[in-house]
Amino acid sequence: VSRSSLSRNEGFGLSVWLNQTSKDRAEFLPVNQTTNIEYSRIIGNLEVGILHGNYCGDFWVNITGNFFNESISNGVDIQTCWFDKQDGKKLKLQIGHNDFQHSHKISIIISPALNIDGIIEYNHFYFGKYGALLIRNDQYVEFYDLFRTLPAKFLIQQNYFMRNKGI
């Protein structure tokens, strides 16, 4: 998705939801999957601006150079694979050079953060009402023993936070 407007939708701005929740389910053949959302305007959507989630295997998500404004729910919601035997396959995530303004919830949420290599850099977060960036696994306490063994690596650098509020 490039140079597009995803604005004022009653649902999601964009949702890539492959929902791979069972290893035995054969609705599709897992292949390399890549999603790019770049240089677009994501404004005032009732649900999440960009939802990407629940795919297991090698895949890339690149969210670069976008303008998010007045997101009623979270601006970006990334959900990762819970499977423990991935043979080194994981999500490669790049979120950079975006502007998040006046988010009503959290600008970027990654939960659970499993089987992921992520880079979040050069973003601007202004006037968020509930927070700017949340990466967590703690709401899944019943899966603690599994989650602590799964890889998650992030590089978070050169972001700018101004006049955001938190909990």
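**Overall size**

I started with the radius of gyration of this predicted model. For 167 residues, a compact globule would come out near 15 Å, and the chain has 16 Å, so the value agrees with a globule. Next I took the box along the principal axes: the C-alpha atoms fill roughly 40 × 30 × 25 Å.

Burial came next, and 44% of the 167 residues count as buried.

**Secondary structure and contacts**

I listed the elements and got one helix and 16 strands. Then I checked how far along the sequence the contacts reach. Taking contacts with a separation of 6 or more, 87% come from residues 24 or more positions apart.

Which strands make up the open sheet, and in what order? I read it as 3-6-9-12-15, five strands with parallel pairing. Strand 3 (33-38) and strand 15 sit at the edges, each pairing on one side only. From one strand to the next the twist averages 5°.

I looked inside this sheet at strand 9 and strand 12, which pair in the parallel sense over six bridges. K92 has D117 in strand 12 as its bridge partner.

**Strands 5, 8 and 11**

I followed strand 8 (residues 76-79) to its neighbours. Strand 5 (residues 50-53) runs parallel to strand 8, and four bridges join them. G53 has Q79 in strand 8 as its bridge partner. Strand 8 is also joined to strand 11 (residues 108-110), again parallel, by three bridges. There I noted V76 standing opposite I108 of strand 11.

**Salt bridges**

How many salt bridges does the structure hold? I noted three.

Pair one in my list is K92 with D58, whose closest N and O atoms are 3.0 Å apart. K92 belongs to strand 9 (residues 91-96) and D58 to the loop between strand 5 and strand 6 (59-64), so this pair ties together parts 34 residues apart in sequence. I checked the cover on D58 too: at 30% relative accessibility, D58 counts as partly exposed.

Next in my list are D117 and K90, whose side chains meet at 3.9 Å, N to O. D117 is in strand 12 (residues 116-121) and K90 is in the loop between strand 8 and strand 9, so the link spans parts 27 residues apart in sequence. Is K90 buried or exposed? I have K90 down as buried, at 18% relative accessibility. D117, with a relative accessible area of 24%, is partly exposed.

K92 and D117 turn up again here: these two are bridge partners in the sheet, while K92 has its salt bridge with D58 and D117 has one with K90.

The remaining entry is R148 with D145, their side chains meeting at 3.6 Å, N to O. I found both R148 and D145 exposed.

Definitions and conventions
Residues numbered from 1 in each chain as written. Predicted model: local features only at pLDDT ≥ 70, side-chain atom pairs only at ≥ 80, totals over all residues. Heavy atoms only, no water. Pairing = 2+ DSSP bridges. Salt bridge = Lys/Arg side-chain N within 4 Å of Asp/Glu carboxyl O. Buried < 20%, exposed > 50% of the residue type's maximum accessible area, 1.4 Å probe, protein only. Axes fitted to C-alpha atoms, helices over the stretch in contact; angles between N-to-C directions. Rg over C-alpha atoms; globule rule 2.2 N^0.38 Å. Contact = heavy atoms within 4.5 Å.
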